[in-house]
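Please keep the sequence and the model in view while reading.

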Amino acid sequence: MSGTFPSSPPPLSISVDSIEPSLVSVTGNLTRQVRSRGGQRWGFSVSFPVMERSNFDPIFAFSVKQRGQYETFTFVPKTIGTTRGVTTENPVVDGAKAVGVTSCAVDGLTASTSNIIRSGDFFKFSGHNKVYMCTDDMDSDGSGDATLSFAPKLSKAVADDETITINNVPFNVAFSGDVASYATNVTGYYSFDVELIEVP
């Protein structure tokens, strides 16, 4: 792990990919056979606004320090890295969960509250690096309990009372290639884009 990607200046745009490889074959009579390879990870294409050198140099220096794809680091995406729901809540897993599940019980919430976490929100269990996406809006009942549905399937067991991060969700990532490059000209402004891949 080699630090956290600089948060300033924020990206101009972020494109998100859900990468879930499958093995597909088609027979002579065009029958399709498909098998999941069982994994999923997130990819990001990050574009920055045109920058002056004082803003650009720290970002590029951090990028070069990663030695291409070698190092991993934390990336906290602006806007999409925080729930659209209730940002003041602090969800906690209610009961241990095994690898392969797609939902878990949650407690410690404000009672009878709607849309605490919204479908499409990213979140992270504190015990491992993988980031998941909520697939259904999560509402708490009168006791402050709820069910959190998510994708992909749980890749590592989750312990009882494990905390869940829903704000400023940190993705563990690496650069997807070994070349760091930028463009500049006589105006003294710089343009820079990066491709990141989750390293669960």
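The points below are grouped by topic.

The structure is a predicted model, in which local features need pLDDT of at least 70, side-chain atom pairs count only at pLDDT 80 or more, and totals for chains, interfaces and linings use all residues. Residues are numbered from 1 along each chain as its sequence is written, and side-chain values use heavy atoms, with hydrogens and water left out.

**The sheet**

- Helices (H or I, at least four residues) and strands (E, at least two) are DSSP runs, numbered from the N terminus.
- Five strands make up an open sheet, and their order is β1-β4-β16-β13-β6.
- The pairing in this sheet is antiparallel; two strands pair if DSSP finds at least two bridges between them.
- β1 and β6 lie at the edges with a single partner strand each, so one side of each has no neighbour in the sheet.
- From one strand to the next, the twist averages 40°; axes are lines fitted to C-alpha atoms, for helices over the stretch in contact, and angles run from 0 to 180 degrees between N-to-C directions.

- Strand β13 covers residues 171–175, and five of its five residues are buried, so the strand is largely enclosed by the rest of the structure.
- Buried means under 20% relative accessible area, exposed means over 50%, and partly exposed lies in between (1.4 Å probe, protein chains only).
- In a regular strand the side chains alternate between the two faces of the sheet.
- In β13, F171, V173 and F175 point one way, while N172 and A174 point the other way.
- Strand β6 (residues 73–75) runs antiparallel to β13 and is joined to β13 by three bridges.
- Across this pairing, T74 is opposite N172, and F75 is opposite F171.
- Strand β16 (residues 193–198) is also antiparallel to β13, with three bridges between them.

**Salt bridges**

- The structure contains five salt bridges; a salt bridge is a side-chain nitrogen of Lys or Arg within 4 Å of a carboxyl oxygen of Asp or Glu.
- One of them joins E198 and K130, with an N to O distance of 2.8 Å.
- This pair links distant parts of the chain, as E198 is in strand β16 and K130 is in the loop between β9 and β10, 68 residues apart.
- E198 is buried because its relative accessible area is 0%, and K130 counts as buried because its relative accessibility is 3%.
- Another salt bridge joins D137 and R118, whose closest N and O atoms are 3.2 Å apart.
- That pair also links distant parts of the chain: D137 is in the loop between β10 (131–134) and β11 (146–151), and R118 is in the loop between β8 (103–107) and β9 (122–125), 19 residues apart.
- D137 is partly exposed, at 32% relative accessible area, and R118 is partly exposed, at 22%.
- A further salt bridge joins E71 and R67, with the closest N and O atoms 3.5 Å apart.
- E71 counts as buried at 17% relative accessibility, whereas R67 counts as exposed at 52%.

**Residue L12**

- L12 lies in the segment before β1 (13–19).
- With a relative accessibility of 64%, L12 counts as exposed.
- Not counting residues up to four places away in sequence, L12 touches S47, F48 and P49; contact means heavy atoms within 4.5 Å.
- The C-alpha atoms of L12 and I166 are separated by 22 Å, and the two residues are 154 residues apart along the chain.
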